[in-house]
Every structure is written in structure tokens, then in C-alpha cells.
Amino acid sequence: MKRVYVNEQWCLACHLCEYYCAFANQDETDMSTALKGVPIRPNIRVEQLGDVCFAVNCRHCDEPLCVKGCLTGALSVRDGVISIDRDKCVGCCTCVVSCPYGAVTPTEDGVVQKCELCVNTRDGEPLCVKGCPNAAIVWESVVR
Amino acid sequence: MLRTREDILEGRLRIPSGCAISGIFSKSGKPIGGERIIKSIEVMHDRSNGLGGGFACYGIYPQFPDHYAIHVFHDNLASKRECEDFLLKNFDIASMSEIPTRLTSGVTDAPLIWRYFAEPLRHRVVEDFCDEDEFVARRVTHINARIDGSYVFSSGKNMGVFKAIGFPEDVGRFYRLEDYEGYCMIAHGRYPTNTPGWWGGAHPFALLSSSVVHNGEISSYDANRRSIEPYGYSCSLQTDTEVIAYIYDYLTRRVGLSQREFADVVAAPFWSAIADMPKDRREYYEYIRAMFSNFLITGPFSIIVGFEGGMMALNDRLKLRSMVCAERGDTLYAASEECAIRVVEPELDRVWAPAGGEPVIATLGRPGGER
Amino acid sequence: MPINYIYPDYEIERDYDKCINCRVCERQCANEAHAYNERRGKMLADSSKCVNCHRCVSLCPTRALKIVRTAHTFRENANWNGQLINEIYKQCDSGGVLLSSMGNPREYPIYFDRLLLNASQVTNPSIDPLREPMETRVSLGAKPDRIERGADGRMVNNLPPRLNLSMPAMFSAMSFGSISYNAHESLARAATELGIYYNTGEGGLHEDFYRYGPNTIVQVASGRFGVHGEYLNAGAAVEIKMGQGAKPGIGGHLPGKKIVGEVSRTRMIPVGSDAISPAPHHDIYSIEDLRQLVFSLKEATAYTKPVIVKIAAVHNVAAIASGIARSGADIIAIDGYRGGTGAAPTRIRDNVGIPIELALAAVDTRLRDERIRDRVSLVAGGSIRSSADLVKAVALGADACYIGTAAVLALGCHLCRSCQEGKCNWGIATQVPELVKRLNPNVGYRRLVNLMNAWNHEIKEIMGGMGINSIESLRGNRLMLRGVGLNEKELSILGVKHAGE
């Protein structure tokens with residue numbers, strides 16, 4: 001299946017992916033209106049140390065520790081995408097601590113959030129990929 | 001009265017033309033009467049508009065087979081005298097006379113039309129460091145470019161071109177073509193979009209023994225013209241036919257290509273077709289197309305080329321102009337329309353439309369020809 | 001600085017209603033024109049640092065930015081315009097030669113824009129390129145004077161080595177050093193996929209790119225940087241650069257700060273040393289010397305590669321080209337005064353040389369007059385801006401065109417003309433690793449391929465309209481051109497008629 005892959009060779013640490021991600025998960029259709037004056041909570045984050053930088057988001061692992069650890073069954077794998085059922089999440093944060101990539105984060109609403117590959121957004125395709133200016137984030141099938 | 005050179009329209013501007021062409025060739029050399037080719041071209045009357053017609057007839061001067069038959073339009077006696085002085089300085093003239101004509105209603109404004117059977121003076125040829133053909137070609141070019149009021153429109157051996165402004169059938173009768181017979185007869189009817197105003201602009205266009213009739217407007221004209229002129233040709237008429245005739249002369253007489261190779265140059269196969277050919281054919285065409293790319297002719301054309309002992313019919317590589325060929329016994333026919341063949345030979349062994357770029361070549365003494 | 005003589009030509013305008021403080025502008029500006037002001041909680045900009053490269057504008061996710069020409073002005077003066085005045089101020093500060101990049105931007109006539117193309121109507125049919133073959137393939141190189149036949153009477157291939165192009169375009173010489181590794185990789189891969197050629201320029205050939213050799217033209221220029229036997233034999237052709245349209249008569253100067261690791265190794269000069277190409281080749285002081293170099297290079301490559309001689313379009317270009325055609329060169333490349341550069345003295349760039357249209361027409365005509373046009377192929381460069389320019393150049397007599405500026409535009413260049421600063425925000429004209437990284441060759445080569453394919457489609461459409469189905473039948477076909485608004489002299493040099501004639 002298609003996944004989001006990040007190539008640190010081309011990542012410019014411009015952080016645009018974070019903003020596109022934050023925008024993708026909002027109902028508002030105008031980016032300025034959606035993000036102006038609002039602290040963003042993206043599901044993809046640029047990590048940087050010295051010259052090395054790359055964006056990190058959910059790997060949608062084949063054997064996901066977050067799903068395994070979820071007490072309520074809020075996290076599940078649907079068509080290869082690890083999805084979250086907000087109604088079931090009780091905010092125990094077991095997933096947050098069990099994810100080795102730090103890809104699941106708690107929110108003020110008491111439920112966790114994570115990358116769902118934009119399957120439920122307006123675009124239906126990962127906006128971080130579309131918005132990356134250097135093709136450092138790609139959405140493709142890689143046969144492993 | 002023929003207009004003076006300053007007034008001629010032909011050559012001052014480029015005049016696109018639609019046309020009719022027809023050619024009859026006897027591979028066994030059996031004489032074909034002039035009336036047959038008139039009959040053939042006449043049936044395509046609507047493909048001409050009365051502004052030009054002409055004929056190239058091969059094998060018609062058996063009495064002077066080794067002399068260059070030089071046909072000249074003279075505007076007036078002064079230019080005739082100047083031209084003849086020039087001819088006499090360079091040639092031994094075996095015979096000179098006015099070309100016989102008859103009054104024909106459709107043909108007017110006739111200039112003085114003279115014919116000279118000439119043999120180049122040996123010492124003049126030697127002075128030019130060239131062969132006889134090249135010598136004659138240079139003298140013809142000189143007259144046409146430098147002698148105001150005289151125009152050589154035929155200069156081959158044992159062949160002659162006859163042309164005028166008018167419908168081709170009228171032009172044929174004007175020249176009393178029924179009095180001639182030969183192994184090859186080629187005709188042309190012209191449909192120019194402007195008034196050429198000058199007899200020299202009619203087809204066929206001939207240099208030495210080769211002649212070209214052409215139907216179409218070649219879009220590569222100026223590329224071809226600018227490529228051939230450096231080799232000593234002057235395309236003063238600005239017609240497609242002239243440039244094709246010069247390319248033919250250059251490639252066959254001076255470069256030494258065969259008629260088939262000439263066809264492969266001017267109507268080369270597409271690269272996509274060449275890619276699928278066997279190795280030796282592919283290499284041959286790759287060479288031809290690289291070496292002679294300047295002489296590729298694009299845009300619509302069908303041509304009939306007459307040459308000493310042969311005739312070739314050829315279409316552009318996309319076949320954007322009609323042309324039909326047919327055979328009956330040892331006679332090859334080629335014409336813009338099938339009717340022009342059927343009208344002179346209703347019973348045919350074979351009728352076909354040659355593919356674009358596929359030359360049909362017939363030569364004397366080679367029954368079956370080359371295809 | 002107590003007195004600031006120069007007010008910036010361009011100002012950064014930010015729509016604060018749209019700006020979301022994502023700071024991408026700040027992160028992406030190598031000139032540090034943007035900065036986030038914590039106290040005011042908003043982005044601020046220093047227009048004096050802006051080179052108008054549009055990197056921030058292009059990446060701004062909310063389109064909050066634009067660069068506008070300043071309304072600030074000097075008192076009107078038809079003689080002393082603001083640019084001239086500012087240049088005086090700059091020179092008073094620096095005491096140096098003014099430097100510029102890319103091609104001559106001044107308002108000289110653009111002859112391509114005064115030439116119109118023909119199309120078929122009635123007397124001959126136009127051809128639909130979607131239905132019929134339409135050939136844009138060309139072959140470049142010298143031609144022998146006569147054919148030869150073998151014992152069997154068949155013609156033998158006596159053609160010297162040639163270049164075969166899928167379309168009449170090649171990427172112009174741009175050296176590794178003046179442009180980045182990623183830019184070179186993009187050009188090399190695009191040329192390979194397209195079946196055309198790119199040109200190393202005078203910077204040698206990086207070892208990673210030897211594998212693109214069949215689509216590479218290796219250049220030998222006056223500095224001889226990176227030239228060795230293996231290099232000469234790595235490409236499909238060798239080009240001797242005698243001149244460049246952007247700076248005829250001038251050598252090159254790649255500052256030491258651009259001579260970093262790989263550039264230094266490829267050029268075979270020490271890290272940090274200035275790479276100075278002399279104005280002339282010091283072994284070519286006349287045409288007979290050029291002939292010796294042509295044949296030296298042919299010897300070095302065992303006569304397996306065509307040799308190109310590239311010259312700038314200068315006043316007596318026709319006579320020079322005629323001499324080159326007799327020097328053993330297979331291809332002559334002429335670079336017009338609009339041609340680009342990574343750095344040139346402003347006064348040279350803006351005042352030396354002649355338009356490629358006139359130079360090309362003059363050279364083609366002269367070579368034909370002297371009956372040597374068939375000996376060589378002609379390549380025209382120096383601002384071929386579109387497929388229409390390319391078609392017009394071919395109709396004037398070019399066998400093919402060099403595409404330089406259009407190619408770097410494909411890679412993201414916005415013609416800010418600041419290459420000489422070495423801080424190209426688009427990762428093209430820079431050696432700074434974090435800037436070079438911005439040009440992902442996977443993206444760059446695809447954009448080049450798209451551009452050339454688009455042009456090729458357009459060329460075919462134009463040819464089809466003319467009823468021409470082989471680009472070779474367009475070469476030198478000047479009846480396909482008509483001038484508009486040109487005087488008799490210009491028309492006669494171009495060898496075209498005026499529209500309506």
C-alpha cells in the first residue's frame with residue numbers, strides 16, 4: 001500500500017509540512033483563517049540536529065505497538081492505515097508512550113491525535129506530501 | 001507581345017500552382033505520337049487554368065542525336081542577335097530554325113521561338129576545365145541570367161521541351177506536337193494562383209536532358225533553394241519545379257546518385273520507418289538523410305522526371321498529391337488522374353497508386369522496369 | 001552607515017491578514033531578508049537584502065508575500081535613470097567593477113519578436129502532427145564534399161562522427177562550480193532521457209556524471225579547468241569555447257569561495273583558489289592556432305568525436321565563422337548578446353556583442369555565399385526563450401539551438417540575476433550545501449524533460465501548420481518568416497521579406 005516516506009537528503013527543514021498538516025485536519029478551507037494566531041498541532045514534525053533534518057510522522061507500522069497497547073480499541077488498522085476512533089479514546093496515553101517514533105500525541109480534548117494519511121480530510125491525500133517544496137516527502141508504494 | 005524582363009511577374013514573386021501531369025514511356029523505345037500525350041493531358045482540363053502548359057518529348061530528334069537541341073524564347077530581334085552571337089562563340093551550330101507552330105486561339109503573346117542543334121566548341125570546353133554537359137549548363141545559365149530578352153527552355157540531346165501560356169492541349173496544338181514522336185512524352189497543365197505573365201514560367205522545367213513536371217507546392221522551397229544555390233544554380237523563377245530540377249541535376253549529374261537514390265533523398269522515409277528496417281537499409285537511409293538533409297523535399301508534390309533513356313514518377317513521402325501509374329505491355333503511364341491514362345489506353349495490364357516516396361522508374365531496354 | 005545612498009529597487013510586501021507566522025520565508029531566505037520579531041509577534045522584512053528571487057513568495061503557503069517595484073523614485077530624468085545613479089553610488093562605495101549575472105536585460109530590439117511565421121492555406125495542406133509523422137530529429141556535424149562508393153557500387157558511410165538529437169535543442173554550457181552538483185545532475189539526466197545533449201561548461205566533469213557521457217558535450221575553455229584525456233573522451237563531442245555571448249572578449253572568474261571540495265577536485269585546482277579563465281586562449285592568437293587546437297582535440301579523441309567551436313556574436317561574426325568553418329570544426333555555436341552568465345562585468349554584459357538573430361542570419365548567409373555551409377552545422381544560443389524563438393532560429397539557418405536561461409528557469413531560477421553572490425536560494429548557482437540541497441534532481445530533471453517535450457510538441461504544431469514534416473526542411477527556410485516593423489537594412493540582413501510582401 002502507499003505510505004508517506006521521508007527522504008532526509010532532500011528535507012530543507014522549512015517546516016511547511018507541519019503547517020499543511022495542521023491545515024489539512026481543519027474544516028476551514030482558507031489556510032490563513034484556519035491557522036492565523038492559532039498554535040498548530042501537526043501530526044508531522046521536522047526533527048533537526050546540525051545539518052541533518054527530516055520530517056517524522058506515523059509509520060503505520062505492520063505490527064503497531066500503539067494498537068497493541070490501546071486499552072479501549074480506539075486505535076485500529078483499517079486498510080493499512082492506523083486510525084483513531086475519538087469516541088472510544090479515553091486519553092490514557094498508553095499509545096503515546098508506546099510509539100517509538102513519538103507519532104501519537106495527546107491533545108487538550110482528552111483524546112490523542114495521529115496521522116491518518118488524510119484519508120478523512122478534504123483532499124483525501126496527504127497534504128504534507130503535496131505541500132513539500134522539494135519532494136522530500138513522498139507518498140508511494142514501496143515493495144519491501 | 002512578350003513583356004520585357006523588368007515586367008515579368010514570374011521570378012519576381014513566388015506563385016503557388018495546382019497542376020495536372022501525365023507521362024507515357026515506352027520501355028522498348030517504340031515511338032509514341034505527340035497527339036497521344038495531348039489527348040491524355042486534355043482530359044484533365046479542369047486541373048489547369050489556361051495560364052501554362054507544356055511538354056517534354058524524348059527521342060524526337062533522331063536526325064541530330066548527338067547535338068544539344070537548344071530551344072530559346074527571344075523577346076525581339078535584338079535579343080535574338082545577342083543570344084545567337086553568344087551561341088556561335090561557344091557552339092558549332094549544325095542547324096537553326098524557328099520552331100514550327102500554328103495559330104491557336106488559346107495561345108497568344110508568342111515570342112520568337114527558335115531551335116538550335118549545337119555542339120560545344122572543343123577548345124571552349126577545354127578552357128572551362130569541365131565536361132560538355134557542365135559547359136552547356138553554364139552557357140544556358142549565362143543566357144538566362146545575363147542576356148536580357150532571351151531564355152533557353154530546353155537544352156538536352158535528342159529531346160525537346162515545348163511550353164507556353166495557355167491550356168496544355170492548346171499549347172500542344174500550337175507546337176504541332178502531332179508531328180513529333182519519341183519514346184517518352186511528358187505533359188503538364190498549370191493552375192497558378194497568380195498571372196505568371198511569361199512563357200518561361202510554364203513547365204516542364206529542363207536542364208540538359210532532364211526535365212521535371214510537378215504538381216504541388218513544396219513547403220521546403222526556401223530551404224531547398226538556399227541549399228542548391230551555393231552549387232552554382234540560380235533559382236530566378238522562384239518556382240518549385242525549378243528548384244526540383246536543379247536538385248535532380250545536382251544529385252544525379254554532379255554528385256553521381258542514381259534516380260532511385262535521388263528519390264530516397266528528396267522523399268526520404270520517415271525515421272520511424274527507418275528504425276524498423278534491416279541493418280543495411282537502415283544504415284543506407286541514415287547516411288542519405290544525414291548527408292543530404294538539405295535536399296529533403298517536404299510538402300505536397302507529385303513529379304515526373306524525364307531523363308535520357310528513362311522516366312521516373314515520384315510522390316512526396318506523405319502522398320499529399322494524387323498520382324496513378326499503369327502499365328500496358330512495355331509502356332508505363334503516370335498521371336495525376338487515372339482518366340488521363342484510360343483515355344489513351346483503356347485496356348491496362350495493371351493500375352496502381354504508388355506509395356508516397358516510392359519511385360516508379362522505367363528505362364529503355366529494361367522491360368519490367370525498376371520499382 | 002550614516003548615509004544610505006541606495007533605496008532598494010524592490011520591496012517585500014506582506015499581507016499581515018494572511019501571514020500565519022510559519023516563518024518559511026525566514027528559513028528559506030539565504031539573504032536573511034525576513035525575520036520574526038518576538039516583541040511585535042510578527043514577521044518583518046528588510047527589503048534592502050532582498051534580491052527578488054521569489055523563493056519566499058513561491059513557498060509562502062498563504063500567498064501573503066509579494067515583491068513590488070518601489071514607488072520611491074528620483075526626480076524624473078530621461079538621461080539619468082535611477083539605475084545609473086545607483087550604480088554610481090555603488091561604485092563610489094566599492095571602487096570596483098560592477099558585476100551582474102544572466103543575460104543582457106536592456107531594452108534593445110528583440111528581433112524574434114519582430115518575425116512572424118507562415119502557415120499553409122489552400123495551395124498546400126497543413127499537416128496534423130497527431131496523425132502524421134512529424135520529424136524534429138536532427139544530426140549535427142561536418143559533411144564530406146563527395147560521396148564514395150564501395151566495390152559493389154553502394155555508397156559507403158564517409159561521414160565524420162556526428163551528434164544525433166531527438167529535437168533541435170541542447171542545454172548550453174554551464175560549469176560545475178558556476179552551478180551546483182544537483183543542477184548538473186538534473187541537466188545530465190534530462191539530456192539522457194530526452195536524447196539530446198548537455199554541456200559541461202568549463203568546469204570539468206564530475207566523476208559521478210561520466211555515466212551520462214553519451215549525452216554530454218565536454219568543454220575546453222581558456223582556463224583548461226578539469227581537462228584531461230579521460231575527460232575529453234568521456235563526452236559525445238568536445239566544444240572549444242572561444243567566447244560567450246554575455247561577455248565577449250572577457251574571460252571567467254569563479255571566486256575562491258565557490259571552489260569547494262567537489263568543485264576543486266573536478267576542476268583540478270586547490271580549494272579556495274580563484275578559478276580565472278583568461279580572456280583569450282593563450283595558445284590561440286589567430287585562426288591557424290584554432291585549427292591546431294581543433295586537430296589536437298581530434299587527435300586526443302582519435303577522431304571519434306565532433307569538435308564544436310563556440311563564439312560570441314560580435315560585429316564581424318560572419319567572417320569569423322567562415323574562418324572556423326575552414327578550421328576543421330564540425331559544428332559552430334554562436335552565442336548572442338542576450339546569453340546568460342553566472343557573473344560578468346555589467347558594462348560588458350550590457351554593451352558588447354550583437355543580437356543572435358542578426359548574427360545567425362549573417363553567418364548562415366555568408367557560409368552559403370562561400371559554399372561552405374554544408375561543411376558545418378550551426379548551433380544558435382543566446383536567449384532562445386520559447387519554441388517559437390527556436391523555430392524562427394531554425395528558419396534563419398540554425399541546425400539546432402542551445403537552451404541555457406530557459407533551462408535554469410525550469411530548475412526554479414526566477415532571473416533575479418544575483419548568481420554572482422553565490423547564495424542562490426533555488427540551489428542552482430551556489431555551492432552552499434544547504435542551498436544546493438534545495439534543488440532535488442528528481443524534480444529538476446523532470447521539469448526539464450517536461451519543458452523540452454512541451455517545446456517539441458509546439459515545434460511540431462508550428463511545422464505542421466506550415467506543411468513541413470521534417471525540421472530539416474525548415475532549416476534556412478526564410479520564406480517561412482516575415483518581418484514586422486523592421487527597416488530595409490534589418491530585413492536584408494535577416495534575409496526575410498516584410499509582412500505583406
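How far apart are the nearest C-alpha atoms of chain A and chain B, two chains that do not touch? In this predicted model, the nearest C-alpha atoms of these two chains are 35 Å apart, where two residues are in contact if their C-beta atoms, placed from the backbone, lie within 7 Å. Residues are numbered from 1 along each chain as its sequence is written, while chains are lettered from A and ligands numbered from 1 in the order in which they are written. Because the model is predicted, local features need pLDDT of at least 70 and side-chain atom pairs count only at pLDDT 80 or more, whereas totals for chains, interfaces and linings use all residues.

**Contacts between chains**

- Of the two pairs of chains in contact, chains B and C share the most contacts.
- The contact between them takes 33 residues from chain C and 30 residues from chain B, and the chain C side divides into 10 nonpolar, 11 polar and 12 charged residues.
- In these classes, Ala, Val, Leu, Ile, Met, Phe, Trp, Tyr, Cys and Pro count as nonpolar, Asp, Glu, Lys and Arg as charged, and the others, Gly among them, as polar.
- The contact of chain A with chain C takes 16 residues from chain A and 15 residues from chain C, and α1 (16-24) and α2 (31-35) of chain A each supply at least two residues of the chain A side.
- By class, that side of chain A has 11 nonpolar, four polar and one charged residues.

**Chain B as a whole**

- Chain B has 11 helices and 18 strands, where helices (H or I, at least four residues) and strands (E, at least two) are DSSP runs, numbered from the N terminus.
- The radius of gyration of chain B, at 19 Å, is close to the 21 Å that the globule rule gives for 371 residues, so chain B is as compact as a globular protein of that length; this radius is taken over C-alpha atoms, and the rule is 2.2 Å times the number of residues to the power 0.38.
- Buried residues make up 55% of the 371 residues in chain B, a residue being buried if 20 or more other C-beta atoms, placed from the backbone, lie within 10 Å of its own, exposed if 12 or fewer, and partly exposed in between.
- The mean pLDDT (the predictor's confidence in each residue, from 0 to 100) of chain B is 91, and 93% of its residues reach 70 or more.
- Over residues 1-6 of chain B, however, the pLDDT is below 50, and this stretch has 10 contacts in the model beyond near neighbours in sequence.

- Strand β16 (residues 331-335) of chain B is largely enclosed by the rest of the structure, because five of its five residues are buried.
- In a regular strand the side chains alternate between the two faces of the sheet.
- Both faces of β16(B) are covered, with Thr331(B), Tyr333(B) and Ala335(B) buried on one side and Leu332(B) and Ala334(B) buried on the other.
- Strand β15 (residues 324-328) of chain B pairs with β16(B) in the antiparallel sense over five bridges, and two strands count as paired if DSSP finds at least two bridges between them.
- Glu327(B) stands opposite Leu332(B) in β16(B), and in the hairpin of these strands, which has two residues between them, Gly329(B) takes a positive phi near 60 degrees.
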